[in-house]
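Visitor: Hello! I am new here and would like a close look at one single part.

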Amino acid sequence: MTSNVIYEGGLRTVATHIQSNSDFETDAPTDNQGKGERFSPTDLVGTALASCMLTTMAIKAKHMEDDLKGIKIDVQKIMVANPRRIGQLNLTFHYPDTFSPTEEQKTLLEDIAMTCPVAESIHPDIKLEVNFNWPTLV
């Protein structure tokens with residue numbers, strides 16, 4: 001078993017990771033009767049995608065003897081109606097000034113990010129906009 005999730009009432013859940021016993025709460029978003037005080041379940045989809053991209057890129061970078069520490073991804077989730085679902089995920093990468101990959105490394109890292117397990121699991125009807133925003137060398 002990977003995790004368990006308990007409904008706490010008030011449109012809030014607590015999810016616990018079995019192996020580590022770490023947990024987090026979710027809350028319904030304000031546009032769906034919630035308080036919006038925690039990640040919503042749909043927020044976690046975009047967040048999982050960003051985390052998966054960074055993790056798989058970091059695994060590859062480690063083999064290239066490089067470090068991706070400090071890279072940040074801004075995630076925007078856009079909901080649509082009928083049925084209510086995630087319609088689009090926009091991800092924008094931000095790199096530290098010290099990160100200067102070659103063109104070949106950029107291509108490799110982008111491919112790894114776009115084929116990470118979460119990206120491969122996202123329904124094709126969800127539009128993905130990914131801006132790698134590579135730093136420009138001066």
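Visitor: Which residue in β5 is the bridge partner of I78?

Guide: A word on the basis comes before the tour. This is a predicted model, in which local features need pLDDT of at least 70 and side-chain atom pairs count only at pLDDT 80 or more, while totals for chains, interfaces and linings use all residues. Residues are numbered from 1 along each chain as its sequence is written, and side-chain values use heavy atoms, leaving out hydrogens and water.

The partner of I78 is Q88, a residue of strand β5, which spans residues 85-94. Strands here are DSSP runs of E with at least two residues, and helices are runs of H or I with at least four, both numbered from the N terminus. β4 and β5 are joined by 9 bridges in the antiparallel sense; two strands pair if DSSP finds at least two bridges between them. Together with β6 they form an open sheet of 3 strands, ordered β4-β5-β6 with mixed pairing. β4 (72-80) and β6 (127-131) are the edge strands, each pairing on one side only.

Back at Q88, the residue counts as buried because its relative accessibility is 18% (buried is under 20%, exposed over 50%, partly exposed in between, with a 1.4 Å probe and protein chains only). Leaving aside residues up to four places away in sequence, Q88 touches Q76, K77, I78, I126, K127 and E129, where contact means heavy atoms within 4.5 Å.
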